[in-house]
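Student: Hi! I've got a structure open and would like to talk through its pockets and helices. Shall we start?

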Amino acid sequence: MFVQIIEFRTDKIDEGQKHVDEYRAKTEGKRTARRGILAKDRDQDDRYFNLVFFDSYEDAMQNSKLPETQELSEKLMSIGKGEPTFYNLDIVNDQE
């Protein structure tokens, strides 16, 4: 399993969520992301983390190449404060 964590800042999270909802509808059956979690930093109001789960790194790269993913990225960059930070993580241990 592979997870990509995207750290970003925005004051327009509702607009961003609208873009993500549209993306999910457009990519139903095409995207390779298995799960997504959006988390807000309790100590910094404009700081968020998006955790996106994939079966593999290769699936994540395939998903990144979708034109809809590129379009979503551009829309989210337009409402963000600065550049996002990406963390690409292979899951070593996952326990319930």
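Student: What volume does the largest pocket have?

Tutor: Keep in mind that this is a predicted model. The largest pocket has a volume of about 950 Å³.

Student: Which residues lie nearest its centre?

Tutor: Ile6, Asn50, Val52, Leu72 and Leu76 do, out of 39 residues that line the largest pocket. At least two lining residues come from each of β1 (2–9), α1, β2 (35–40), β3 (47–54), α2 and α3.

Student: And how does that lining split by class?

Tutor: The largest pocket is lined by 18 nonpolar, 13 polar and eight charged residues.

Student: Switching to cavities: how many of 30 Å³ or more turn up in the whole structure?

Tutor: The search finds one. The largest cavity holds about 60 Å³ of space. Its lining consists of His19, Glu22, Tyr23, Lys26, Glu68, Glu71, Leu72 and Lys75, with α1 and α3 each supplying at least two residues. By class, that lining has two nonpolar, one polar and five charged residues.

Student: Last one: what span should α1 have?

Tutor: Helix α1 has 14 residues (13–26), so at 1.5 Å a residue it should span 20 Å. The end C-alpha atoms of α1 are 20 Å apart, which agrees.

Definitions and conventions
Residues numbered from 1 in each chain as written. Predicted model: local features only at pLDDT ≥ 70, side-chain atom pairs only at ≥ 80, totals over all residues. Heavy atoms only, no water. Helix = DSSP H or I, 4+ residues; strand = E, 2+ residues; numbered from the N terminus. Expected span 1.5 Å × (residues − 1). 1 Å grid on protein atoms, 1.4 Å probe; cavity = no way out; pocket = protein on both sides within 12 Å on 5 of 7 lines; lining within 4 Å. Points joined across faces, edges and corners; volume = space filled by probe spheres on them. Nonpolar A, V, L, I, M, F, W, Y, C, P; charged D, E, K, R; others polar.
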